Amino acid sequence: MIDTFLKYLRFEKRYSEHTLTAYRKDLTQLEIFLSEEFETSDFKEVQHAHLRNWMVSLMESGLEPKSVNRKMASVKAFYKFLLAREYVASNPTGRLKSLKVDKKLPSFVRESEMITLLDQIEFSRDFFGARDRLILELLYATGIRLTELINLSDPDVNLYQGSIKVLGKRNKERVIPMAEFIVKSIKEYQQLRNAEFGYCDYLLVTDSGNKLYPMMVYRIVKKYLDQVTTIAKRSPHVLRHTFATHLLNKGADLNAVKDLLGHTSLAATQVYTHNSMEKLKSVFDQAHPKA
């Protein structure tokens, strides 16, 4: 049943390999739990109490509520599929409630720190420096995800219109405008890259001309963020958070930011408004006579 469900997600829902791996891991883990605790591996026999026991065991193992909720979301999607295909007569996940999760505001780099990074930090004038700088600029100035950055190719970049085309989650394509300084950086980088390696399948490449890989981008981003900020998280995704937060701080329309980020729901974008509200509160506390 699990394999049938995963094929459905792959070919009909077009889920990413990363998501498919997570679903397989969650459902296999549940299958093992059912076998060990209740001596059954038949998903048709699963009842609400079985799933509640699994949730308790996950929490007792020290798993964070957010992670438990994600696993239960996998199970809920699985049983919704089984019910639609009439593999089961009823859905045992119907009465399951998500655990309460403390809301954490996304980490972001302050505007002054980003200005220091892009205007004052010295990058080498060779291919390597141009590539590192372009990675930082693209992540911050377009808000693209790490995987979207890695998969960019030259045809995805329209230097004349000043835009890039990215393939996001569930193979959803979107076009993002680029500032003039990004266009200039890409032109300079491509000249250095072509002189170094000739034709490349991807826009951004490693020191040997191959496709970038996630850990390399993490190292590059952390290397430079270490020089300008003290926030705990210094990852490519933090620059995506920074992109959205800075836009909203400057008065950007929430729906426009949602489209730029490639979010399917406005609720996913609204989390950044909390950061903007915190900034407004800070300004009020410092400036208002009655604060």
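Strand β1 (residues 157–158) is joined to strand β2 (residues 163–167) by 2 bridges, and the two strands run antiparallel. The model described here is predicted.

## The sheet

Between β1 and β2 lies a hairpin with 4 residues separating the strands. In its turn, G162 has a positive phi of about 70 degrees. Opposite V157 stands I164 in β2.

On the β3 side, 5 bridges connect β2 to strand β3 (residues 173–177), and this pair likewise runs antiparallel. L167 stands opposite E173 in β3, and I164 has I176 as its bridge partner in β3. The hairpin of β2 and β3 has 5 residues between the strands, among which R170 takes a positive phi near 55 degrees.

Taken together, 3 strands form an open sheet in the order β1-β2-β3, with antiparallel pairing. The edge strands are β1 and β3, each of which pairs on one side only. Strands of a sheet pair through backbone hydrogen bonds, either parallel or antiparallel.

## Helix α8

Helix α8 comprises 18 residues and reaches 26 Å from its first C-alpha to its last, close to the 26 Å expected at 1.5 Å a residue. Its buried residues are I182, V183, S185, I186, Y189, Q190 and R193. These residues cover an arc of only 155 degrees around the axis, which puts them on the same side of α8. On the other side of the helix, E180, K184, Q191 and A195 are exposed.

Just after α8, G198 takes a positive phi of about 75 degrees.

## Helix α5

In helix α5 (residues 111–119), the buried residues are E113, M114, L117 and L118. Seen down the axis of α5, they fall within an arc of 125 degrees, so they line one face of the helix. The elements against which these buried residues pack are α6 (127–142), α9 (214–225) and α10 (236–249).

## Nonpolar cores

The largest nonpolar core contains 43 residues, of which L117, I135, L138, L204 and V217 touch the most other members. Two or more residues of this core come from each of α5, α6, α7 (146–150), β2, α8 (180–197), α9 and α10. Helix α6 gives the most, with 8 residues.

One of the residues with the most contacts in this core is V217. Leaving aside residues up to four places away in sequence, V217 touches I135, L139, L146, L149, I150, L212 and P236. A second, separate core holds 27 residues, including V46, L51, F81 and V88.

## Salt bridges

The structure holds 15 salt bridges. Three of them are listed below with the distance between nitrogen and oxygen.

| Residue pair | N to O distance |
|---|---|
| E113 and R110 | 3.1 Å |
| K222 and D226 | 3.0 Å |
| D226 and R234 | 2.6 Å |

The partners in the E113 and R110 salt bridge lie in contrasting surroundings. E113 counts as buried because its relative accessibility is 9%, whereas R110 is exposed, with a relative accessible area of 52%. E113 is also among the buried residues of α5.

D226 takes part in a salt bridge with K222 and in another with R234. K222 is partly exposed at a relative accessible area of 41%. D226 is partly exposed as well, at 34%, and R234 is partly exposed at 24%. Elsewhere, D26, R70 and K71 are linked in a network of salt bridges.

Definitions and conventions. Residues numbered from 1 in each chain as written. Predicted model: local features only at pLDDT ≥ 70, side-chain atom pairs only at ≥ 80, totals over all residues. Heavy atoms only, no water. Buried < 20%, exposed > 50% of the residue type's maximum accessible area, 1.4 Å probe, protein only. Arc of directions from axis to C-beta. Contact = heavy atoms within 4.5 Å. Pairing = 2+ DSSP bridges. Salt bridge = Lys/Arg side-chain N within 4 Å of Asp/Glu carboxyl O. Core = buried A, V, L, I, M, F, W, Y, C linked by side-chain atoms within 4.5 Å. Expected span 1.5 Å × (residues − 1).
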